[in-house]
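Here is a quick briefing to read alongside the model. Keep the 3D view open and find each residue as you go.

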Amino acid sequence: MNFTSLSFLVFFPVVFVLHWLLPHRLRWALLLAASWLFYFQWDICAGLLLILTTVASWICASQLYRSRTAAGRYLWLGLALTVSLGCLFGFKYTGFFASLVGLRLSMQILLPVGISFYTFQTLSYVIDVYRGAVEPEAHFGYYALFIAFFPQLVAGPIERPERLLPQLRAERALSRQILSDGAWLLLRGYFKKIVIADYLAPIVDAVFAAPESVAGAEVIVAAVLFGFQIYCDFSGYTDIARGSAKLLGIDLAENFDRPYTAVSIRDFWHKWHMSLTSWFRDYVYIPLGGSRNGTARMLANIMIVFLLSGLWHGAAWHFVLWGALHGLFLCAETLLFRNREQNKTLSRVITFSLVSFAWIFFRADDLHTAAALLERLPLGWAALSLPAYAPRTVLAVLCLWLLGRIHKPAHLTVFLMLTALATAWLALLAGGGNNAFIYFQF
């Protein structure tokens, strides 16, 4: 069930009303049933896989906590990791790694939507129980809701057990502040997605679909526009997720903090997809040694994290190369600019340029497409059609700038945003457009 589908516009109000009508002791059951229904709408087999992963990780964490021997703890931890990572690897990476050894699969494996997100959530829970950072959740219903909570199930933010589980258990009361904050997040999220991201999508798609016939300037503009598109698409999803959860009395984590104002690649990753960045930091980078064992080891750890991040986004070489580029950017930045004063305006321009360049590999269908686009960069700069590109670029930047400055929206602002949203949505439906969120594929 997509946030922008008509079915969700019926589904969520029903859940919202029932949630606040029911006594606290029954709300978890309603939300769990709603979350599983939300997910099963995509595919029954994917829903069963979600339940299997949930049951396995809950049992393993409980047994791990009760185990009195180191060997027993390792055994249950290993079993939990095998089930969760095994499902992720089997459905997402089998074909990719089979191709590396020259094998071709005779059937296409369907990737369950959101598997990368909920797998990382189960892993954080089991590992935190193993480390003693949290105690296992005794109530299976609350744990299952923690994994499957529908606002953030498909594309995050990736929540930690110590943050979300207590909120699911706590008694909540509906207030004017909850309604106001939740409604604003929903409006902002839908505006980003439908008015900005879906408005930019056709021009980006046209360039990346025909790399051999575009001009170099068009490649640059399309890369920049894709940067705005994916930001509005993904942060729009996050705003809708946070707004939906807020209307149910739950605060989800921030996932974006104006990433295109970053003054460095490190700063960019402190502002972009923050829940994934912190996950890799806490469960991969620091356990590998972080920056504690010398510069060479630190740089190697950075590259490992970003290669894994690229692979997490997709089982294809162009995603791996995208991750490698960010790793190389950060390594170079660490070596060349450590403890140096920088001009912030110049640093923002350089960071934005590097991030935009890397987006070419992320958006391309494969390495062949990315290479074809790079070959066009020196060519045809005079062929750029300003009337075709300038309005979309200016409108996207202007809308983002205005959204960043609106903290307490006035009635006129809300009216104008709703009018623009309704117009764009109706135009999209009339044109038969596909407005699925980009991060659903991960």
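## A helix tucked inside

Trp279 has a relative accessibility of 5%, so it counts as buried (buried means under 20% relative accessible area, exposed over 50%, partly exposed in between, using a 1.4 Å probe and protein chains only). Keep in mind that this is a predicted model: local features need pLDDT of at least 70, side-chain atom pairs count only at pLDDT 80 or more, and totals for chains, interfaces and linings use all residues. Residues are numbered from 1 along each chain as its sequence is written, and side-chain values use heavy atoms, with hydrogens and water left out.

- Trp279 and Tyr283 both sit in helix 13, four residues apart, or about one turn of the helix (helices are DSSP runs of H or I with at least four residues, numbered from the N terminus).
- An α-helix has 3.6 residues a turn, so residues three or four places apart point the same way.
- Tyr283 is buried too, because its relative accessibility is 10%.
- Helix 13 spans residues 274–285, and ten of its twelve residues are buried, so the rest of the structure largely encloses it.
- What do those buried residues pack against? Their partners are helix 6 (115–131), helix 12 (265–271) and helix 14.
- Over in helix 14 (residues 295–313) you'll find Asn301, which counts as buried at 1% relative accessibility.
- Skipping neighbours within four places in sequence, Asn301 is in contact with Tyr285, Leu288, Gly289 and Gly290 (contact means heavy atoms within 4.5 Å).

**Aromatic pairs**

- The structure holds 54 aromatic pairs (rings of Phe, Tyr and Trp, taking the six-membered ring of Trp, pair if their centres lie within 6.5 Å; planes under 30 degrees apart count as stacked, over 60 as edge-to-face and the rest as tilted).
- Take Phe228 and Tyr260: their ring centres are 5.9 Å apart and their planes are at 80°, so this pair is edge-to-face.
- Phe228 lies in helix 11 and Tyr260 in the loop between helix 11 and helix 12, so the pair ties together parts that are 32 residues apart in sequence.
- Phe228 is buried, with a relative accessible area of 10%, and Tyr260 counts as buried at 18%.
- Trp279 and Tyr283 make a tilted pair, with 4.9 Å centre to centre and 45° between the planes.

**The core**

- In soluble globular proteins, nonpolar side chains tend to be buried together.
- Here the largest nonpolar core has 136 residues, and those with the most contacts inside it are Trp272, Trp359 and Tyr439 (a nonpolar core is a set of buried Ala, Val, Leu, Ile, Met, Phe, Trp, Tyr and Cys residues joined through side-chain atoms within 4.5 Å).
- Which helix gives the largest share of this core? Helix 11 (residues 216–247) does, with 16 residues.
- Beyond residues up to four places away in sequence, Tyr439 touches a list of residues including Phe117, Ile230, Trp272 and His273.

- Most residues other than glycine have a negative phi, and most peptide bonds are trans.
- His273 isn't a glycine, yet it has a positive phi of about 45°; His273 lies in the loop between helix 12 and helix 13 and is buried, with a relative accessible area of 0%.
- Arg258 also has a positive phi, near 50°, but Arg258 counts as exposed at 55% relative accessibility.
- A cis peptide bond, with omega about 5°, joins Gly156 and Pro157.

Methods: Helices (H or I, at least four residues) and strands (E, at least two) are DSSP runs, numbered from the N terminus.
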